[in-house]
Amino acid sequence: MNTLTKKEIMFFGFMLFSMLFGAGNLIFPAYLGQAAGENVWQAVIGFIISDAGFAVLAFIAIAKSGTFDTLINRVHPIFALLFPMAIYLSIGPGLAIPRAGSLAFEMGVMPFLPNTIQSSPVGLLIYTVVFFSIVFWFAKSPSKLVDRFGKILTPALLVLIIIIFIKSLFTDLSSFKGATLAYKEKPISQGFLDGYQTMDAIGALIYGIVFTNIFKSEKISNQKLQVKYLAIFGLICGLLLALCYLIIAYLGAATNIHGKVENGSVVLSTVLQQLFGQSGTIVLGLIFTLACLSVCIGLITSCAQYFSSIFPKLSYIKWAILLCLVSGFVANLGLSQILKVTVPVLGLLYPMAITLIILGLLHDRLPFNNRPVYVVTIGLVGLFSLIDVANSTLFNGSLSEVLSNVPMQDKGFGWVIPGLIGFIIGSIVEKFKYNEVPTVKKAA
């Protein structure tokens with residue numbers, strides 16, 4: 001029976017970290033630190049739980065289920081078709097990949113360009129052509145990803161972040177200021193909601209397909225061993241993510257910025273200039289470029305493997321080319337346009353993803369056949385999330401007064417109660433079904 005060495009396990013954990021750690025993982029904790037100020041540690045704990053915590057739990061849930069397909073088919077065949085499609089499109093060419101490409105240009109290249117080129121769409125067009133050509137080169141051979149990620153990109157990214165942190169310890173940065181916005185009253189819950197923006201929990205759900213193929217290439221067929229390895233990869237990745245978030249949030253909180261801060265990229269630019277002067281722009285550009293490259297390569301690989309399995313008329317290579325082309329096109333629409341649709345889409349998908357992860361972890365303890373538990377719980381969470389998103393987008397908040405009566409809605413967790421109600425109803429339905437047909441077998 002084939003096994004992995006400790007060195008290989010470490011490299012695979014690094015690879016998963018690099019596939020998840022993109023531009024959003026840099027800018028969102030930096031903004032959180034700046035806005036949370038003296039409440040930064042409470043806020044970053046919430047952020048780590050919803051991001052790194054649920055990413056690790058997602059990987060363990062997939063490991064326990066065997067595959068992502070097994071987990072989602074416990075709900076309903078239609079859900080098993082639509083939900084992963086929505087995830088792959090949103091964290092793939094629809095949102096996450098173009099966002100990373102745009103941010104890599106704005107933070108890694110734009111500061112060094114003349115003003116005339118900065119304001120011209122030609123600069124972004126040329127950059128995205130080069131950027132996604134490099135992404136395709138890395139992604140065209142999935143079997144070589146562990147070498148390219150584990151030995152090149154991840155160590156380089158971590159070294160840069162650690163250098164910045166060490167430099168900050170020997171630099172007189174400003175003290176933490178008072179918390180602002182929602183971080184003043186509810187820092188933990190606001191930090192938890194901020195963790196949605198990185199998309200890591202839903203990203204971890206679909207990365208299982210990459211590691212399934214790696215296990216095949218390594219000829220590791222024992223399922224218990226696969227579960228063990230996936231759990232270890234997830235824990236290594238989660239620890240690295242948490243370490244980076246603590247460092248970046250601290251830097252954000254210790255940065256003195258006058259006036260209104262629009263996003264985390266401004267915070268990072270300011271703190272690196274304070275630490276390294278003008279050369280800080282170069283350091284920041286390297287960090288963003290490495291992070292964005294890493295996450296785009298991982299997403300293109302995972303999406304191409306998924307779509308080639310669903311629509312096999314196009315090979316993996318052709319899907320990778322198509323996804324790079326579409327992502328490059330969307331990236332040229334501009335970062336602001338991409339970010340406009342990010343929040344509502346994640347507001348719909350994330351509660352269902354978290355619910356699915358929890359049910360996957362509790363599967364062995366669920367009653368009997370447990371399909372009704374999955375159907376009703378996911379159904380009510382999805383319905384409430386859809387209403388909530390529609391209220392903030394289509395109805396301009398006209399339903400806010402009604403929705404405010406739902407417990408925890410003011411903290412952004414109104415979907416939890418519908419989920420609990422669905423869990424109870426599903427359990428009751430299954431209990432009656434089990435009593436009527438005592439020979440029902442437990443679902444996969």
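**Close-up views of a predicted model**

**Figure 1. Gly203 in helix 11.** Gly203 is a residue of helix 11. The relative accessible area of Gly203 is 4%, so this residue counts as buried. Apart from residues up to four places away in sequence, Gly203 touches Leu20 and Ile91. The view also includes Tyr88, which stands 115 residues from Gly203 along the chain, with 8.6 Å between the two C-alpha atoms. As in every view presented here, the coordinates come from a predicted model.

**Figure 2. Confidence along the chain.** The chain has a mean pLDDT of 84, and 91% of its residues reach 70 or more. Confidence is lowest in helix 7 (residues 115-118), where the mean is 72. Helix 16 (residues 316-331) has the highest confidence, at 92. Where pLDDT is low, the predicted coordinates should not be read in detail.

**Figure 3. Asn39 in the loop between helix 2 and helix 3.** Asn39 belongs to the loop that lies between helix 2 (24-36) and helix 3 (40-65). Although placed in a loop, Asn39 is buried, because its relative accessibility of 13% is under the 20% limit. The Asn39 side chain reaches the backbone oxygen of Tyr183 at 3.1 Å. With residues up to four places away in sequence left out, Asn39 touches Ala179, Tyr183, Lys184 and Pro187. Pro187 is also one of the buried residues of helix 10, the subject of the next view.

**Figure 4. Helix 10 and its buried residues.** The buried residues are Pro187, Ser189, Gln190, Gly191, Phe192, Leu193 and Asp194.

Figure 5. Most residues other than glycine have a negative phi. Met199 has a positive phi, near 65 degrees, and is located in the loop between helix 10 and helix 11 (200-206). Asn396 likewise has a positive phi, near 50 degrees, and is part of the loop between helix 18 (371-393) and helix 19 (400-403).

**Figure 6. The salt bridge between Lys64 and Asp364.** Side chains of opposite charge can pair when their charged atoms come close. In the whole structure, the search finds 1 salt bridge. It is formed by the side chains of Lys64 and Asp364, with an N to O distance of 3.9 Å. The pair connects distant parts of the chain, 300 residues apart: Lys64 lies in helix 3, and Asp364 in the loop between helix 17 (335-362) and helix 18. Lys64 is partly exposed, at a relative accessible area of 38%. Asp364 counts as exposed, because its relative accessibility of 57% is over the 50% limit.

**Figure 7. Thr355 and its contacts.** Thr355 is situated in helix 17. With a relative accessible area of 7%, Thr355 is buried. When its neighbours within four places in sequence are set aside, Thr355 is in contact with Thr377, Ile378, Val381 and Trp415.

**Figure 8. Leu246 in helix 13.** Leu246 is found in helix 13 (residues 223-253) and is partly exposed, its relative accessible area being 34%. Not counting residues up to four places away in sequence, Leu246 touches Trp41, Val44 and Ile48. Val210 is 36 residues from Leu246 along the chain, and 28 Å separates the C-alpha atoms of the two residues.

**Figure 9. A nonpolar surface patch that includes Ile134.** Val122, Ile126, Val130 and Ile134 make a nonpolar surface patch of about 330 Å². Ile134 is a residue of helix 8 (residues 121-139). With a relative accessible area of 34%, Ile134 is partly exposed.

Methods
Residues numbered from 1 in each chain as written. Predicted model: local features only at pLDDT ≥ 70, side-chain atom pairs only at ≥ 80, totals over all residues. Heavy atoms only, no water. Helix = DSSP H or I, 4+ residues; strand = E, 2+ residues; numbered from the N terminus. Buried < 20%, exposed > 50% of the residue type's maximum accessible area, 1.4 Å probe, protein only. Polar contact = N/O pair within 3.5 Å; in protein donor to acceptor, adjacent residues only side chain to side chain. Contact = heavy atoms within 4.5 Å. pLDDT = per-residue confidence, 0-100. Patch = residues over 30% accessible without salt bridge, like charges linked within 9 Å, V, L, I, M, F, W, Y side chains within 5 Å. Areas by Shrake-Rupley, 256 points an atom, 1.4 Å probe, with all protein chains shown as cover. Salt bridge = Lys/Arg side-chain N within 4 Å of Asp/Glu carboxyl O.
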